[in-house]
Amino acid sequence: MKQPAISSLILILLIVAALFFVSYSMSSNNRREPEGFYLGVAFCGNTTAEAKLLIDKVKGYTNLFVLQSWPISNNETAATEICDYAVASGLNIIVNFGINWSYTRVWTWQFPWLEAAKQRYGTRFLGAYYDDEPAGNQLDYNWFNFFLKYSSYFKENPHKSLLHEIFADLEDKMANVTMHEPKDYDTEAAWFQMLFENNDGLQSLRKAGIRTFTSDYVLYWFDYLGGYDVMLAQFGWNNSYIQDIALVRGAARMQNKSWGAIITWKYTEPPYLDSGEEIYRQMHAAYEAGAEYVVIFNYPQIEDNPYGALESEHFEALQKLWNEATQKPRKADAGQAEAVFVLPRNYGWGMRHPEDWIWGFWGPDAKSPLIWENSRKLLSQYGTRLDIVYDDPAFPVEGKYPLIYYWNQTIQ
């Protein structure tokens with residue numbers, strides 16, 4: 001007589017336990033995330049096992065996983081397995097499959113994969129990280145030797161009408177070590193934009209409505225003009241991340257784009273990354289300045305470290321910022337600049353130091369010293385409350401900022 005009662009009790013207990021498990025699982029998957037902010041790491045390892053290990057390490061205090069591995073970008077099965085695992089772990093994903101240029105490497109499965117990812121992962125698929133440092137390559141590559149080597153090709157190129165002004169006096173520039181003042185920055189800027197217009201992969205992604213990301217360390221304004229939706233400013237190499245914030249946020253605001261930061265190397269040898277304390281300071285500054293994305297570049301795979309280049313202090317920095325972002329969300333007007341500094345139109349100067357290059361062809365000109373002096377004063381006065389933009393009739397600054405400073409003003 002008592003056996004049915006006992007069986008019923010066991011059944012009830014099993015149901016309660018099952019409901020508790022389901023409830024716990026749902027609450028784990030629906031954890032609180034910071035609104036309008038993505039914090040995470042870039043995976044640059046070689047195997048799915050390494051990727052899963054990193055995901056398990058950070059899934060409790062990040063919401064973004066950037067797949068940025070060359071071996072994985074050539075392996076459809078591995079890419080799918082890793083992204084499935086990341087999304088199942090509650091993370092959003094950005095995927096880097098390298099580049100798709102007709103004269104270097106042609107995508108086969110990659111583009112269809114990205115199109116299908118919109119359905120497969122829904123809103124967890126944020127977009128494609130495409131190419132890398134386009135403006136940095138423009139500024140720092142040895143273009144003199146490049147164009148001298150391939151001058152015959154460019155003379156026969158269909159775009160000769162645009163290019164000939166760039167190459168017309170190239171031999172003279174090479175002969176003159178000090179070089180003369182550039183004749184036409186507008187032509188340089190137009191040529192740079194032409195590179196984006198003829199980039200097969202970037203244009204295909206844009207036509208398909210796939211959000212495009214890349215990172216850079218200079219001239220974010222012109223990367224945005226080329227069509228990118230999101231720029232991640234590279235914080236590293238002992239450059240001024242305060243100036244990088246001013247440049248990338250100003251460009252994003254004026255062109256109605258999104259921005260973020262990616263923490264890169266401080267050293268060219270182990271440990272590569274800065275201290276956890278300093279990285280936290282940089283990530284926090286970007287967050288407070290209104291960044292939508294903050295990522296740590298996790299490369300290379302250091303011996304005896306299963307997590308790549310990330311150490312315990314870096315994971316602690318991520319967790320600290322995550323806790324702040326979830327427990328005390330930033331205000332709606334976070335990152336609104338109080339002032340803007342306006343540079344000359346198409347003035348492609350790197351601004352990393354007084355002797356930096358302009359468009360990769362010329363050294364500083366007569367405007368550079370004043371721009372350098374005024375930018376130092378304003379950055380010192382306003383810090384992350386300053387934006388830096390370019391004089392461009394397509395993006396007028398009037399009415400957008402409380403205070404406007406032009407490059408040629410006298411600033412006390």
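This is a short chat about a predicted model of one protein.

User: What should I know about the model before I start?
Analyst: The model is predicted, so local features need pLDDT of at least 70 and side-chain atom pairs count only at pLDDT 80 or more, while totals for chains, interfaces and linings use all residues. Residues are numbered from 1 along each chain as its sequence is written, and side-chain values use heavy atoms, with hydrogens and water left out.

User: How many helices and strands does the protein have?
Analyst: The protein has 17 helices and eleven strands. These are DSSP runs numbered from the N terminus, helices being H or I with at least four residues and strands E with at least two.

User: What does the sheet with E1 to E8 look like?
Analyst: It is a closed barrel of eight strands in the order E1-E2-E3-E4-E5-E6-E7-E8, with parallel pairing. Two strands pair if DSSP finds at least two bridges between them. E4 (residues 125-129) and E5 (residues 212-216), for example, are joined by two bridges. Alanine 128 has threonine 212 in E5 as its bridge partner.

User: Which strands does H2 touch?
Analyst: Helix H2 (residues 48-58) touches E1 (38-43), E2 (64-67) and E8 (293-298), and its direction makes about 155° with that of E1. Contact means heavy atoms within 4.5 Å. Axes are lines fitted to C-alpha atoms, for helices over the stretch in contact, and angles run from 0 to 180 degrees between N-to-C directions. Helix H5 (residues 110-121) lies across E3 (92-96) and E4, at about 165° to E4.

User: Switching to Asp229. Where is that?
Analyst: Aspartate 229 sits in the loop between helix H13 (220-225) and strand E6 (230-235).

User: Why does aspartate 229 count as partly exposed?
Analyst: Because its relative accessible area is 23%; buried means under 20%, exposed over 50%, and partly exposed in between (1.4 Å probe, protein chains only).

User: What does its side chain reach?
Analyst: The side chain of aspartate 229 reaches the backbone nitrogen of threonine 212 at 2.9 Å. Not counting residues up to four places away in sequence, aspartate 229 also touches others, including Tyr224 and Lys257.

User: And H17, which of its residues are buried?
Analyst: They are Ser368, Ile371, Trp372, Asn374, Ser375, Leu378, Leu379 and Tyr382. Their cover includes helix H14 (241-255) and strands E9 (339-343), E10 (386-390) and E11 (403-406).

User: What comes just after H17?
Analyst: Glycine 383, with a positive phi of about 60°.

Notes: A polar contact is a pair of N or O atoms within 3.5 Å; within protein, one must be able to donate a hydrogen and the other to accept it, and residues adjacent in sequence count only if both atoms are side-chain atoms.
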